[in-house]
Amino acid sequence: MLLPSPWTPRLARIEASAAERLARALADDIVEGRLAGGDRLPAHRDLADRLQIGLGSVTRAYALLERRGLTRSVKGRGTFVAARRTQGGEAIDLSSNAPPAAISERLLARTLTAIARRIDADHFNSYAPPGGHAEHRRVLARWLQTLGLNVEPGHMVLTSSARQALSLALDLVCQPRGRLLTERITYPGAIALARRKGCALQGLAMDAQGLLPQALAEALHGIPAAEGKVLYLTPTLHNPTTATMGAERRRAIVDICRNAGAWIIEDGVYAACSPDHARLAHLATLAPEITLHVNGLSKSLGPGLQVGTLVLPPALCGAALATLQELSMAPSALSCAVVDEWLSQGVVASLQADLRHEAQRRVRLAASHLAPHLGDSRLVLHPEAYNAWLPMEREAADRLVSAAAALGVTLTDPGSLMVEPHDRASGLRICLGAPGLDDLDGALAQLARLLTAEP
């Protein structure tokens with residue numbers, strides 16, 4: 001005799017089809033532990049009758065869940081929740097701005113089985129050409145197109161990470177000991193790369209939309225033409241402040257750089273996390289002749305997919321290939337095959353939607369823990385960001401980082417985010433994506449207690 005399902009049927013309260021609403025409700029209950037590995041899901045027809053939806057909607061919802069690896073079907077027995085691994089560890093890491101885990105073992109196993117039937121062995125028996133295999137560039141150009149960036153495969157090169165793509169961009173347009181303009185608070189990896197390459201960093205003022213055009217115009221005016229003019233910025237879901245530029249601000253930044261003869265390095269790694277890419281043009285779209293667009297898959301799908309892309313102005317394509325002749329950065333052929341399979345099967349869009357939903361859940365959790373303890377301080381949250389930002393004086397931020405470490409919670413060093421090391425206006429970047437929900441809940445509770453005690 002088959003055991004009944006322990007699940008109480010419901011549809012998620014979202015604007016979507018019945019199948020998507022059912023899949024979301026079940027996924028939430030699986031991820032949050034209300035359904036355990038091995039629990040049976042209701043029979044298709046019974047569930048359709050109880051929810052007053054079509055049988056086809058139930059079938060599509062169950063297929064979506066199985067494609068994500070959250071469930072497994074057993075012929076003649078039904079559909080069951082797939083067992084999920086838990087991650088243990090003493091310290092809870094809130095310093096790594098990684099997306100929540102969305103790629104399951106079952107999804108990977110099914111993907112590897114599919115690509116094994118048609119993978120090109122030549123990609124494993126020879127070195128990739130500079131810039132990556134033409135087939136792989138076409139695949140990644142298709143992915144960028146889903147983000148609103150139309151690019152010729154010949155105007156892009158592939159690397160094994162977005163950080164390598166950024167490194168190559170700096171090599172192409174930053175002169176030795178030249179000036180690099182950027183937001184006064186920005187991605188720690190960019191600061192570290194620029195300093196290692198000998199660039200003179202200059203931080204510029206920001207507001208709620210990110211970089212201020214007036215500050216950029218004044219800084220560019222003060223740089224001699226012979227020194228080279230380069231701007232690095234993140235216009236969408238800026239790391240760490242989560243700021244996103246509006247359309248008018250983007251056009252102003254592009255116009256200022258074009259008139260000043262400046263290159264733009266656009267960091268677009270969080271564009272896939274935001275639905276705004278449908279209406280907000282990338283800087284590389286507005287000014288393709290001066291913009292180098294950096295992107296990659298680790299933030300938009302999962303850290304294990306180490307594939308980076310650098311979209312180039314046509315004038316720089318030759319120089320990029322010449323540089324890559326000396327220093328190969330091509331990504332794994334297997335990773336590119338995975339992306340190709342996921343694009344063709346609709347998995348990429350599904351994973352990105354799941355990640356946005358999970359980010360929203362974690363942002364709400366952070367707000368519930370931290371906002372009540374901040375008084376007049378402003379906790380900056382964006383529903384699609386993987387981190388929260390809490391502006392504060394540098395000394396207070398350093399104290400909180402040290403106190404959290406003593407409690408087993410790791411936070412980003414505030415100094416690593418600052419272009420000017422002695423700038424007093426700083427803040428805490430609280431990364432929400434990497435830990436499991438239970439660990440995140442406990443770590444945020446610890447931070448809330450520390451904020452209550454902070455004078």
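Predicted model: local features only at pLDDT ≥ 70, side-chain atom pairs only at ≥ 80, totals over all residues.
**Nonpolar cores**

- The largest nonpolar core has 66 residues, and the members that touch the most others are L180, I265, L310, L312 and W342.
- Residues of this core are given both by domain 2 (90–100 + 347–451) and by domain 3 (120–345), so the core lies between the two domains.
- When neighbours within four places in sequence are left aside, L180 is in contact with L170, C174, A194, C199 and A200, and also with L201, Q202, V230, L231 and Y232.
- Another core, which lies apart from the largest one, consists of 29 residues, including L94, L379, L411 and L437.

**Strands β13 and β15**

- Strand β15 covers residues 425–431, and because six of its seven residues are buried, the strand is largely enclosed by the rest of the structure.
- Strand β13, made up of residues 387–393, runs antiparallel to β15 and is joined to β15 by seven bridges.
- One of the residues that can be followed across this pairing is A388, whose bridge partner in β15 is I430.

- Rolling a probe the size of a water molecule over the atoms shows where empty space is left.
- A search of the whole structure for cavities of 30 Å³ or more finds one, and the space in the largest cavity amounts to about 40 Å³.
- The residues that line the largest cavity are L64, R67, R68, L107, V347, S350 and L351.
- At least two residues of this lining come from α3 (55–68), and at least two come from α14 (347–370).

- Apart from neighbours within four places in sequence, Q164 is in contact with T159 and M329.
- Although Q164 and A330 are separated by 166 residues in sequence, their C-alpha atoms are 9.8 Å apart in space.

Methods:
Residues numbered from 1 in each chain as written. Heavy atoms only, no water. Core = buried A, V, L, I, M, F, W, Y, C linked by side-chain atoms within 4.5 Å. Buried < 20%, exposed > 50% of the residue type's maximum accessible area, 1.4 Å probe, protein only. Domains from an automatic or database assignment. Contact = heavy atoms within 4.5 Å. Helix = DSSP H or I, 4+ residues; strand = E, 2+ residues; numbered from the N terminus. Pairing = 2+ DSSP bridges. 1 Å grid on protein atoms, 1.4 Å probe; cavity = no way out; pocket = protein on both sides within 12 Å on 5 of 7 lines; lining within 4 Å. Points joined across faces, edges and corners; volume = space filled by probe spheres on them.
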